[in-house]
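Please look over the sequence and the model before reading on.

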Amino acid sequence: MGIPKETFEELYKNCFTPVYRYAYARLGHREAAEDIAQIVFSKAWETRDRYEDRGKPPLAYLFTIARNSIIDRLRRKEPLVMSDIEISSLKIQDDTNDPARMSQQAESSRFIQAALADLPEDQREAVLLRYIADLPYSEIADILDKNEEAVRKTVSRALQLLRDKHKP
Amino acid sequence: MTYTEEQLEKDLAIYKESLTPSHADEQRVIMSITGKKEQMTKGRSIAGKFWFLAPIVGMALLLIVLTSQKATKAPSALAQETDEIVIALINDELGEQSITDESDADLDIIMSDDEQLASFTSVYDANEY
């Protein structure tokens, strides 16, 4: 049966931003994130009739494509490291437009970016799926082929490491 | 001051927001996906409309290939023949020349031998008498 067209459009609306953020955080480049998002939704559209064979819910299915495309890209090319320019161009949204507050937020983003890069691969991936893609633990477990409890533990260990890295 | 889990989650949320795609980013992706689909559909529809032309196009291509092969082969064969004739003519010319030169040279030697013989004979004859 596959994904009906309406469901696919709904998925696109809901999932484009999380997929893009996840790819951006993993690859560190805006253009690379766009490429991954394009691959994900093109593949999902082309294989929508056969998607049930994969035995995963739609969200997990999209993120599995994203994850595999990112791994493939990292294998083919040198790992992309976010440059200083890229970090400084991260969009800091602040309704107050307070320069001091925006500077503080930019500093926080830089810290998180650097601390995530130092995490072991499995922990980084779990944190990104949980906090950047905003996925529930059950979906992350589907994507990573792990049980939910194991994912919770991985995320918990990662958060502890991130906190330890922070120096006031 | 300790870095609490709450603070960390807050920082993660800020970082997440900083990775938000712009409207232009989203539009570019949509355009690239829909553009690809349109291109595929267009290609298929053109092929579907003109499928009956395939054998004619195939024959025309075959004719072009055969004609071009012939056109390229004929001048080269002609050129080869011309080259052979020219080489033969040059060889003949050179051959005759060399023969002439050789015979002239031989003649010179013969003549000079005769002269020597004649002079020797005249000397001998003079002594004899």
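A residue is called buried here when its relative accessible area is under 20%. The model is a predicted one, and in helix α6 of chain A the residues that count as buried are A:Gln123, A:Arg124, A:Glu125, A:Ala126, A:Val127, A:Leu128, A:Leu129, A:Tyr131 and A:Ile132. Because nine of the 12 residues of α6(A) are buried, this helix is largely enclosed by the rest of the structure. The helix covers residues 121-132 and reaches 15 Å from its first C-alpha to its last, which is close to the 16 Å expected at 1.5 Å a residue. Just after α6(A), A:Asp134 takes a positive phi of about 60 degrees.

What covers the buried residues of this helix? The cover of α6(A) includes α1, α3, α5 (99-118), α7 (137-144) and α8 (148-165) of chain A, together with α1 (5-18) of chain B. A:Arg130, for its part, has its charged end over two rings: that of A:Tyr131, 5.7 Å from the ring centre, and that of A:Tyr137, 4.9 Å from the ring centre.

In soluble globular proteins, nonpolar side chains tend to be buried together. In this model the largest nonpolar core has 57 residues, and those touching the most other members are A:Tyr22, A:Val40, A:Phe41, A:Phe63, A:Ile112, A:Leu116 and A:Leu129. Helix α1 of chain A, residues 5-27, gives the largest share of this core, with 12 residues.

The aromatic rings come next. A pair of such rings is described by the distance of the centres and the angle of the planes. Over all chains, the structure holds seven aromatic pairs. In one of them, the rings of A:Phe16 and A:Phe41 have centres 6.3 Å apart and planes at 35 degrees, so the pair is tilted. Because A:Phe16 lies in helix α1 of chain A and A:Phe41 in helix α2 (residues 30-46) of chain A, this pair ties together parts that are 25 residues apart in sequence. A:Phe16 is buried, with a relative accessible area of 0%, and A:Phe41 is buried as well, at 2%.

A:Tyr22 and A:Phe63 form another aromatic pair, with 5.7 Å from centre to centre and 65 degrees between the planes, and this one is edge-to-face. The pair links distant parts of the chain, 41 residues apart, with A:Tyr22 in helix α1 of chain A and A:Phe63 in helix α3 (residues 58-76) of chain A. A:Tyr22 counts as buried at 0% relative accessibility, and A:Phe63 is buried with a relative accessible area of 1%.

How confident is the predictor? For the complex, the predictor gives an ipTM of 0.84 and a pTM of 0.63. Chain B averages a pLDDT of 68, and 43% of its residues score at least 70. Within chain B, confidence is highest in α1(B), at a mean of 92, and lowest in helix α3 (residues 54-128) of chain B, at a mean of 62. Over residues 98-109 of chain B the pLDDT is below 50, and this stretch has zero contacts in the model beyond near neighbours in sequence.

Conventions. Residues numbered from 1 in each chain as written. Chains lettered and ligands numbered in written order. Predicted model: local features only at pLDDT ≥ 70, side-chain atom pairs only at ≥ 80, totals over all residues. Heavy atoms only, no water. Core = buried A, V, L, I, M, F, W, Y, C linked by side-chain atoms within 4.5 Å. Buried < 20%, exposed > 50% of the residue type's maximum accessible area, 1.4 Å probe, protein only. Helix = DSSP H or I, 4+ residues; strand = E, 2+ residues; numbered from the N terminus. Phe/Tyr/Trp six-rings, centres within 6.5 Å; stacked < 30°, edge-to-face > 60°. Lys NZ or Arg CZ within 6 Å of the ring centre and 35° of its normal. Expected span 1.5 Å × (residues − 1). Contact = heavy atoms within 4.5 Å. pLDDT = per-residue confidence, 0-100.
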